[in-house]
Amino acid sequence: MSVGVPAVSPAMLASDVQTLLRVEDLSIRVGPPGRRVQLVLGVDFSMVRGERVALVGESGSGKSVTARALLRLDARPAIEGRVLLQGRDLLALNEREMAGVRGAGIGMAFQDAMTALDPIMPIGKQVMEPLVLRGVPAAQARQRAIEVLTELGVAHAQERLGAYVHEFSGGMRQRVVLAMALIAQPQLLIADEPTTALDVRIQQQVLNLLDEIAERRKLSVLLITHDMGVVASFAERVLVMYSGRLVEDAAVDALFAQPFHPYTQGLLQAIPRVDRNLDQLVAVPGLPVPPSARPSGCAFHPRCPLATAQCASEVPAMRSFGMRRVACHRAEELGAGHAV
Ligand SMILES: Nc1ncnc2c1ncn2[C@@H]1O[C@H](COP(=O)(O)OP(=O)(O)OP(=O)(O)O)[C@@H](O)[C@H]1O
Ligand SMILES: [Mg+2]
């Protein structure tokens, strides 16, 4: 285990040719001067081509805000840092250039299919839209919509193009949202909680489909979820977020074998297991903090069973432990003797 070397993830070690996305020191804030609230602070991570990364953390930790900032979807929050897609800084592009990246460079499947879809526009039109906006003739866009819906397991896609969202089940709606994100053939798919609202069987079907599509298209996927079961079955690497910061970045196997951050440990203990009774299920004790009332030092310290005085006063820097990165003053002790 090496401590004190600059924070590098496995993705950062790969050559630039392999790196698809590099997010550097991303900070996001809202509100007028004097009443500013930092939603996200100094987030750094990379993804290589074809990699599947899960972004996890409890509600309000900043997962969706981070994802939306990569595509500059909201005008209001001020975004700082760099978002390099194949070396090109998306935060420095003009609006026209940015419109070219949305859908084709990065496709985003939004959280909550019901609000992401327009109730009064036929499904087909919505799926075609990203292509039509790029000037693809309607007949061609329609054909592509049929293909991508079929790829996502929507039977009789041609006949269903004229249907409306209320005529679709939850699982089907989610497939439509994914079709819109995939139709312009992005290199990176960001899927924000694609399975959260679905029952377990449909959840697994959607994950299997995503798995097949990612494999076939050599697609990179950033999957946002708070479900560690979904993480285990889909991702290769995990980014753990707490109160607007990344706190751990590790390969899935290593993270499940031994989480180094106490918050990650809490998340893993909260997973129901068939070999334990439900009453042994422990959620991370305490409540998540809103960004406007973030505690000093390590934001997790009031809920952390291992917190010391240092944790209350000093924000822990992200440090590397082999291929893993952790932002915790006590990471050495937690990770002692474990594979990184
Ligand atoms: N435009 C905004 N103005 C002010 N606060 C915002 C804005 N957008 C998000 N927030 C706040 O930022 C924090 C992070 O929100 P975000 O939606 O990213 O959480 P999340 O991790 O995606 O949670 P969930 O799992 O519930 O989807 C929340 O406290 C939210 O209330
Ligand atoms: Mg969210």
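Predicted model: local features only at pLDDT ≥ 70, side-chain atom pairs only at ≥ 80, totals over all residues.
Local features need pLDDT of at least 70, side-chain atom pairs count only at pLDDT 80 or more, and totals for chains, interfaces and linings use all residues. Residues are numbered from 1 along each chain as its sequence is written, chains are lettered from A and ligands numbered from 1 in the order in which they are written, and side-chain values use heavy atoms, with hydrogens and water left out.

**Exercise 1.** Describe the shell around ligand 1.

*Solution.* 
- Start with the count. 14 residues surround ligand 1 (a heavy atom within 4 Å). The closest are Ser 59, Gly 60, Lys 63, Ser 64 and Val 65.
- Sort by class. Four are nonpolar, six polar and four charged. Here Ala, Val, Leu, Ile, Met, Phe, Trp, Tyr, Cys and Pro count as nonpolar, Asp, Glu, Lys and Arg as charged, and the others, Gly among them, as polar.
- Find the main contributor. Helix H2 (residues 63-70) gives the most, with three residues. Helices (H or I, at least four residues) and strands (E, at least two) are DSSP runs, numbered from the N terminus.

**Exercise 2.** Which protein atoms lie 2.5 Å, 2.9 Å and 3.3 Å from an oxygen atom of ligand 1?

*Solution.* 
- At 2.5 Å: a polar side-chain atom of Ser 59.
- At 2.9 Å: a polar side-chain atom of Gln 111.
- At 3.3 Å: a backbone N or O atom of Ser 61.
- Then check cover. The protein covers 66% of the 640 Å² of accessible area that ligand 1 has on its own (Shrake-Rupley method, 1.4 Å probe).

**Exercise 3.** Trace the strand S6 (residues 106-109).

*Solution.* 
- Ile 106 and Met 108 point one way, Gly 107 and Ala 109 the other. All are buried (under 20% relative accessible area, 1.4 Å probe, protein chains only).
- S6 runs parallel to strand S7 (residues 188-192), joined by four bridges. Leu 188 is the bridge partner of Ile 106.

**Exercise 4.** What is the strand order in the open sheet of four strands?

*Solution.* 
- The order is S2-S1-S4-S5, with antiparallel pairing (at least two DSSP bridges between two strands).
- Strands S2 (37-48) and S5 (88-89) are the edges, each pairing on one side only.

Notes:
Polar contact = N/O pair within 3.5 Å; in protein donor to acceptor, adjacent residues only side chain to side chain. Buried < 20%, exposed > 50% of the residue type's maximum accessible area, 1.4 Å probe, protein only.
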